[in-house]
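Biologist: I would like a close look at a single part of this model. Please keep the account plain and connected.

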Amino acid sequence: MNQEAIIANFIGKQPEKAQFLLEKLRLLISSVSPEIEETGKYGGPFYVYKGYLCYLAIDKSKKVYIGMCRGFMMSDSHHLFHQPFDTAEIRKIYIDEITPSISEKIKDYVLESMLINDDLKKNKPGHRKNFA
């Protein structure tokens with residue numbers, strides 16, 4: 001199955017409201033930079049720039065969220081990360097609706113993740129810097 005088919009299949013299986021949110025989030029994340037690549041990984045949409053940035057997913061209760069792959073290194077400047085954290089590195093941002101305010105905050109998080117990936121590429125492999 002090609003990348004687009006993986007993503008279309010994932011979105012097509014979701015409830016109507018989730019499909020709407022997922023499509024809006026796809027456009028929003030891709031609009032942050034032309035250097036962001038959308039790819040189908042692990043059965044859903046992942047976003048890559050010098051490494052993983054984030055992915056779109058649905059939890060068991062059918063709620064849409066963005067998984068920030070390097071969330072543990074991020075500042076959470078808009079206090080969007082869901083607590084308690086259920087993974088060591090990934091932080092989740094649950095999305096009920098997409099407003100202009102939420103859109104700008106998500107763009108900020110994607111940009112911060114891009115800067116982290118830039119910095120990680122400049123440092124030695126295996127070196128981690130605490131950005132929080």
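How many residues does the largest nonpolar core have, and which of them have the most contacts inside it?

Modeller: This is a predicted model, in which local features need pLDDT of at least 70 and side-chain atom pairs count only at pLDDT 80 or more, while totals for chains, interfaces and linings use all residues. Residues are numbered from 1 along each chain as its sequence is written, and side-chain values use heavy atoms, with hydrogens and water left out.

The largest nonpolar core has 32 residues, and Leu25, Ile36, Ile66, Met68 and Ile93 have the most contacts inside it. A nonpolar core here is a set of buried Ala, Val, Leu, Ile, Met, Phe, Trp, Tyr and Cys residues joined through side-chain atoms within 4.5 Å; buried means under 20% relative accessible area, with a 1.4 Å probe and protein chains only. At least two core residues come from each of helix H1 (3-12), H2, strand E3 (52-58), strand E4 (64-68), strand E5 (91-95) and helix H3 (100-122). Helices (H or I, at least four residues) and strands (E, at least two) are DSSP runs, numbered from the N terminus. H2 supplies the largest share, 7 residues. Apart from this core lies another, of 5 residues, including Tyr55, Ala57, Tyr65 and Cys69.

Helix H2 covers residues 16-32, and its buried residues are Ala18, Leu21, Leu22, Leu25, Arg26, Leu28, Ile29 and Val32. Ile29 is also one of the contacts of Ile36 (heavy atoms within 4.5 Å).

Strand E2 (residues 44-48) and E3 run antiparallel and are joined by 3 bridges; two strands pair if DSSP finds at least two bridges between them. The open sheet has 5 strands in the order E1-E2-E3-E4-E5, with antiparallel pairing. Its edge strands, E1 (37-41) and E5, each pair on one side only. H1 lies across E1, E2 and E3, at about 70° to E1. H3 packs on the sheet and touches E3, E4 and E5, its direction making about 140° with that of E3. For these angles, axes are lines fitted to C-alpha atoms, for helices over the stretch in contact, and values run from 0 to 180 degrees between N-to-C directions.

Cys54 counts as buried because its relative accessibility is 0%; Cys69, at 10%, counts as buried too. Their sulfurs are 6.6 Å apart, too far for a bond, as a disulfide is a pair of cysteine sulfur atoms within 2.5 Å. By this rule the count is 0 disulfides.

Methods:
Expected span 1.5 Å × (residues − 1). Buried < 20%, exposed > 50% of the residue type's maximum accessible area, 1.4 Å probe, protein only. Lists of a residue's contacts leave out its neighbours within four places in sequence.
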